[in-house]
Amino acid sequence: MNPRPPPLSLWLLLLLTGAAHTVGALPRLCDVLRVQRDEQDQCLQELSRERTGDLAMVQPAPSCEGLWDNMSCWPSSELGQTVEVECPRFFQMLTSRSGSMFRNCTQDGWSEIFPRPDRACGVNVNDSSKETNQKRHEYLLKLKAMYTVGYSSSLVMLLVALSILCSFRRLHCTRNYIHMHLFVSFILRALSIFIKDAVLFSDDGVHCDTHMVGCKLVMVFFQYCIMANYAWLLVEGLYLHTLLVISFFSERKCLQRCVALGWGSPAIFVASWAITRHFLEDVGCWDINANASVWWVIRGPVILSILINFILFINILRILMRKLRTQETRGNEVNHYKRLAKSTLLLIPLFGAHYVIFAFSPDDAMEIQLFFELALGSFQGLVVAVLYCFLNGEVQLEVQKKWRQWHLPEFPLCPLALSNSFSNGTSGHTHSTKASPSEPSPDTCRASVI
């Protein structure tokens with residue numbers, strides 16, 4: 001029985017890892033794959049001509065048929081012969097050395113290659129590196145499964161939450177408009193992750209055959225969605241801070257500025273990154289950021305937005321603690337400020353503080369960084385949907401009213417008083433007012449922060 005050809009992705013991982021310790025500058029992965037596929041096409045053509053010639057001459061079939069084993073082309077051979085082939089060209093690209101590999105034609109088919117391909121061709125891949133790469137490959141597969149589940153569940157919950165906020169007119173106010181924009185940014189982030197994975201990893205982890213312009217546009221869209229998501233997290237922090245610091249301000253102008261900051265500023269930075277990348281690092285699909293200076297065009301604004309958010313939250317807590325220590329604060333206001341302080345402490349890690357911690361981490365902590373950014377970060381949208389929609393007292397009240405209208409049509413509804421009510425454990429105080437079919441006043445919306 002012929003031995004099973006080794007997986008191409010595993011061989012490339014082993015080869016590139018081993019060659020990194022033996023040569024200075026490595027060729028690009030796509031160039032290596034292009035040479036390997038050229039050899040594959042040439043081999044299949046030769047084998048096809050060989051079989052056609054054998055049939056035309058009516059010769060008996062050889063004991064060992066020719067094959068392509070993802071590395072080398074082995075011609076047909078008779079029983080007992082030893083076949084020698086040169087090292088593949090993509091091996092030579094990694095090591096700049098030539099060598100030979102051998103196989104015997106036995107009664108059971110082709111024997112194993114000897115000596116081992118990496119040793120015959122001068123690539124230093126030992127057993128420990130094999131085991132390490134295998135474990136890393138398994139870890140990445142588990143990580144991909146985790147963030148796929150996370151982004152999928154977040155996407156579903158965010159779509160439901162967005163539909164609820166859009167459906168009820170009484171929930172239309174500046175605070176909820178900002179929440180809806182935040183939901184859309186998380187939805188776009190999840191979609192961009194799925195699109196990027198479909199483009200980059202559709203062919204056994206290799207995307208060299210992808211149309212490069214389209215592939216780069218996918219990466220530009222992906223970076224924009226990531227930056228827009230962090231920008232709207234910053235908008236949430238700015239709006240929360242504005243409610244506590246400024247007593248009166250224009251809701252319309254505030255929302256316009258928030259939209260400009262949330263969607264406009266990421267477009268400027270991503271466009272700058274794309275232009276810089278085109279002129280300074282136009283390599284591959286723009287998915288690998290080898291040039292740190294170019295990557296900081298994206299990383300810098302993200303870290304700055306997170307730091308600003310962190311400072312805003314600290315100042316919000318300081319203001320709340322000062323109000324709690326004030327003797328004039330009434331009992332209901334004390335409970336309101338306590339709940340608001342708890343919600344602020346909860347939002348600090350939710351708004352991406354881990355990104356700053358890992359931005360300057362060494363390469364040894366890459367696996368931990370990927371776990372926090374991909375696995376745990378993928379559930380961030382789900383948590384936001386739960387906090388800002390499903391646990392929101394105003395949303396629960398509107399859903400309950402609609403439910404009663406559907407199931408109890410014979411009983412007329414009386415106006416419900418919202419006096420001295422709280423949205424929930426993560427909500428703020430709501431001013432005394434009566435529910436009406438019209439849109440709530442700005443004061444009512446602004447008072448309930450989350």
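1. S3 and S4 are joined by five bridges and run antiparallel. Strands here are DSSP E runs of at least two residues, helices are H or I runs of at least four, and both are numbered from the N terminus. Val-83 sits opposite Arg-103 in S4. Keep in mind that this is a predicted model, where local features need pLDDT of at least 70, side-chain atom pairs count only at pLDDT 80 or more, and totals for chains, interfaces and linings use all residues. Residues are numbered from 1 along each chain as its sequence is written, and side-chain values use heavy atoms, with hydrogens and water left out.

2. On to the other pairing. S4 (residues 100-106) is linked to S5 by two bridges, again antiparallel; a pair of strands needs at least two DSSP bridges between them. Thr-106 has Gly-109 in S5 as its bridge partner.

3. Put together, the three strands make an open antiparallel sheet in the order S3-S4-S5. The edges are S3 (82-86) and S5 (109-110), each pairing on one side only.

4. A look at the faces of S3: Val-83 and Val-85 make up the covered face, while Thr-82, Glu-84 and Glu-86 are on the uncovered one.

5. Now the annotation. An unreviewed UniProt entry places "transmembrane region" at residues 145-168, 180-201, 221-246, 258-276, 296-320, 340-358 and 370-391. UniProt positions follow the numbering used here, feature names are shortened, and annotations may be inferred rather than shown by experiment.

6. Two of those spans in the model: residues 221-246 are 96% helix and 0% strand, with end C-alpha atoms 36 Å apart. Residues 258-276 are 100% helix and 0% strand, and their end C-alpha atoms lie 27 Å apart.

Terms used. Buried < 20%, exposed > 50% of the residue type's maximum accessible area, 1.4 Å probe, protein only.
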